[in-house]
Amino acid sequence: LGPSELASERELAAQLYALVEALDEDTREAVHLHYYQELTLQETAEVLGVAVSTVKYRLRHALDFL
């Protein structure tokens with residue numbers, strides 16, 4: 001990738017991160033654990049103390065928002 005493509009990707013990543021930060025706390029935490037820290041759905045559920053189905057719901061909500 002050239003410099004302009006890299007700059008464009010960085011800009012897009014910054015915009016996406018800002019949108020993630022606008023999510024409600026529970027949803028944002030699920031996104032951070034699953035996508036940024038690369039935990040499995042089961043691991044994310046365990047950390048949050050919720051059912052896997054709740055994690056799936058929160059992630060779907062986040063994806064719909066984003």
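H1 and H2 are oblique to each other, since angles under 35 degrees count as roughly parallel, over 145 as roughly antiparallel, 65 to 115 as roughly perpendicular and the rest as oblique. The axes of helix H1, residues 3–21, and H2 cross at roughly 140° and come within 9 Å. Axes here are lines fitted to C-alpha atoms, for helices over the stretch in contact, with angles from 0 to 180 degrees between N-to-C directions. From H1, Tyr17, Val20 and Glu21 make the contact, and from H2, Arg28, Val31, His32 and Tyr36; contact means heavy atoms within 4.5 Å. By class, this contact has four nonpolar, one polar and two charged residues. Ala, Val, Leu, Ile, Met, Phe, Trp, Tyr, Cys and Pro count as nonpolar, Asp, Glu, Lys and Arg as charged, and the others, Gly among them, as polar.

A word on the basis: this is a predicted model, in which local features need pLDDT of at least 70 and side-chain atom pairs count only at pLDDT 80 or more, while totals for chains, interfaces and linings use all residues. Residues are numbered from 1 along each chain as its sequence is written, and side-chain values use heavy atoms, with hydrogens and water left out.

Turning to the next pair, H2 and H3 pack at about 135°, with axes 9 Å apart. H2 and H3 are therefore oblique as well. Glu29, Ala30, Leu33 and His34 in H2 meet Leu41, Thr44, Val47 and Leu48 in H3. That contact has five nonpolar, two polar and one charged residues.

Which residues make up the largest nonpolar core? There are 11 in all: Val20, Leu23, Ala30, Val31, Leu33, Leu39, Ala45, Leu48, Val55, Leu59 and Ala62. Such a core is a set of buried Ala, Val, Leu, Ile, Met, Phe, Trp, Tyr and Cys residues joined through side-chain atoms within 4.5 Å. Helices H2 (25–36), H3 (41–48) and H4 (52–65) each give two or more residues to this core.

Beyond its neighbours within four places in sequence, Thr27 contacts Arg58, His61 and Ala62.

Finally, Glu38 is found in the loop between H2 and H3 and is exposed, at 65% relative accessible area. Although not a glycine, Glu38 has a positive phi of about 60°.

Notes: Buried means under 20% relative accessible area, exposed over 50%, partly exposed in between (1.4 Å probe, protein chains only). Helices (H or I, at least four residues) and strands (E, at least two) are DSSP runs, numbered from the N terminus.
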